[in-house]
Amino acid sequence: MIQVNHVVKKFDNFCALNDTTLHVKKGAIYGLVGPNGAGKSTVIRTITGIYKPNQGEVLIAGEPVFENPSAKEKFAYIPDDMFYFQQANVLDMKRFYRGLYKNFDNNLFLKLRDAFPNIDPKANIRRLSKGMQKQVAFWLTISCRPEILILDEPVDGLDPVMRRQIWSIILSDVTEYGTTVLVSSHNLRELEDVCDHVGIMHHGRVMVERSLSELQGSVCKIQVAFQEGMPKLPESFEVLHMSSTGRVYTLIVKGDQEEAKAQLSKMNPMLIDVLPLSLEEIFIYELGGEDYAVKDILF
């Protein structure tokens, strides 16, 4: 549904996107993660046609997106910083959105009113708090019934109850209408709950792009204890990180978890347990820790 093929985007002498390739399948919820300055917002602005790439191509449903209204009408975009017209209220913006999106669903707009009870549709939007302005953005955008929903730090500034409410509405839309979602966020714990595909960006490139299940299956966490300390491990056993508390060792291991467990079991441990690895942990070990030095641990 979204294809970014070998895109380069420069600002003067700074290369923000360096041969970036990214693919989002129809009906997927794709989470784009990476450290500050990785290029997440730049690639989203290129996908939405705000920026024109210096090289490469960006396609929406097979069509070039830049200065192409037929491609742009397929998606709706919520940026980190929203824009509303001076003196506009929610009803004014609804009329504006209806003029842009032929699939705008007025019945859905009215139905979603109950999901945002603290918003007065006749109040000046610019006088609302940032969190309430973002709620307005979701209310209007979801009512457009877009084929693709593109979100840049979407629930930043919202309280936990509203965050859950927003994701519930989005997931319901995905299930019922097959909406494709591309979301950039620093909240890895939240993405883990909603995304089925993940792309990890670093230095203007997508370093890893896989389904969440594949990503979680390529690195595992194992807790193991031995009677007399950790024995020497085989050279083929790739340990990315090791810590210990007493006799219990926690290993982050590259490769299939069943194979890793089988190898450790041959050493007669007192206990051995395979633990789930969170997306946040995968992100940290994929990018090599706090300094984000990229290491090829998944290839």
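1. Two strands are taken to pair if DSSP finds at least two bridges between them. In this predicted model, strand β9 (residues 197–202) and strand β10 (residues 205–211) are joined by six bridges and run in the antiparallel sense. Together β9 and β10 form a hairpin with two residues between them, and His 203, which sits in the turn, has a positive phi of about 50 degrees. Within this pairing, Met 201 has Val 206 in β10 as its bridge partner.

2. As for the chain overall, it holds 10 helices and 14 strands, and its C-alpha trace spans about 70 × 45 × 30 Å along the principal axes. Of the 299 residues in the chain, 49% are buried.

3. Is Thr 42 buried or exposed? Thr 42 has a relative accessible area of 13% and is therefore buried, the cut-off being under 20%. This residue belongs to helix α1 (residues 40–47). Leaving aside residues up to four places away in sequence, Thr 42 touches Lys 9, Phe 11, Ala 16, Leu 17 and Tyr 51.

4. Tyr 249, in strand β13 (residues 248–254), counts as buried because its relative accessibility is 17%. Once residues up to four places away in sequence are set aside, the residues that Tyr 249 touches are Ile 222, Gln 223, Val 224, Gly 229, Met 230, Met 242, Ser 243 and Ser 244. Between Tyr 249 and Ile 2, by contrast, there are 43 Å in space, taken C-alpha to C-alpha, and the two are 247 residues apart in sequence.

5. A last point concerns the cysteines. A disulfide is a covalent bond between the sulfur atoms of two cysteines. How many disulfides does a search of the whole structure find? The search finds zero. Cys 220 is buried, because its relative accessible area is 2%, whereas Cys 15, at 29% relative accessibility, counts as partly exposed.

Note on methods
Residues are numbered from 1 along each chain as its sequence is written. This is a predicted model: local features need pLDDT of at least 70, side-chain atom pairs count only at pLDDT 80 or more; totals for chains, interfaces and linings use all residues. Side-chain values use heavy atoms; hydrogens and water are left out. Helices (H or I, at least four residues) and strands (E, at least two) are DSSP runs, numbered from the N terminus. Buried means under 20% relative accessible area, exposed over 50%, partly exposed in between (1.4 Å probe, protein chains only). Contact means heavy atoms within 4.5 Å. A disulfide is a pair of cysteine sulfur atoms within 2.5 Å.
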